[in-house]
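Please look at the sequence and the 3D structure shown here before reading on.

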Amino acid sequence: RDALRVQLESLKDERARVSRVEGFEERFKEGVSIEYLRNVLIKYIETQDHAKLIPVFHTLLDFTPQEKQRLEAASRRLDATWNKPVSSFFSFQ
């Protein structure tokens with residue numbers, strides 16, 4: 001019985017992934033271009049204010065709530081690293 005439950009959950013997860021991929025295909029047919037996504041990604045990497053671009057990725061890539069939380073947590077870690085003084089990266093003895 002537990003094995004069936006595990007299989008059912010696995011099938012539900014797979015169906016959700018397939019639905020997301022189908023949604024991506026529709027978005028790209030509707031005009032969301034790879035070029036736009038590429039530009040947003042470059043901006044995300046170049047900027048220190050990652051939090052403003054997370055909603056864009058969330059919308060374009062249809063993140064699950066858990067994926068959005070992971071990206072927000074990673075963004076906070078990156079921002080904390082950017083805000084450290086340069087001397088904290090070197091150990092002077």
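Which residues does Ser75 touch, not counting residues up to four places away in sequence?

## Basis of the report

This is a predicted model, in which local features need pLDDT of at least 70 and side-chain atom pairs count only at pLDDT 80 or more, while totals for chains, interfaces and linings use all residues. Residues are numbered from 1 along each chain as its sequence is written, and side-chain values use heavy atoms, with hydrogens and water left out.

## Ser75 and its contacts

Leaving aside residues up to four places away in sequence, Ser75 touches Tyr44, His50, Ala51 and Ile54, where a contact means heavy atoms within 4.5 Å. Ser75 has its place in helix α4, which spans residues 65-82; helices (H or I, at least four residues) and strands (E, at least two) are DSSP runs, numbered from the N terminus.

Is Ser75 buried or exposed? The relative accessible area of Ser75 is 2%, and buried means under 20%, exposed over 50%, and partly exposed in between, with a 1.4 Å probe and protein chains only. Ser75 therefore counts as buried.

How many salt bridges does the count come to? A salt bridge is a side-chain nitrogen of Lys or Arg within 4 Å of a carboxyl oxygen of Asp or Glu, and by this rule the count comes to three.

One of them joins the side chains of Arg5 and Asp2, at 3.5 Å from N to O. Both residues lie in helix α1 (residues 2-29), three residues apart, which is about one turn of the helix. Arg5 is partly exposed, at 49% relative accessible area, whereas Asp2, at 54%, counts as exposed.

## The other two pairs

Glu9 forms a salt bridge with Lys12, and the closest N and O atoms of this pair are 3.8 Å apart. Glu9 and Lys12 also lie in helix α1, three residues apart, or about one helical turn. Glu9 is partly exposed, with a relative accessible area of 40%, and Lys12 is likewise partly exposed, with a value of 46%.

In the remaining pair, the side chains of Arg17 and Glu14 meet in a salt bridge at 3.1 Å, N to O. Because Arg17 and Glu14 are three residues apart in helix α1, about one helical turn separates them. Arg17 counts as partly exposed at 44% relative accessibility, and Glu14 counts as partly exposed at 39%.
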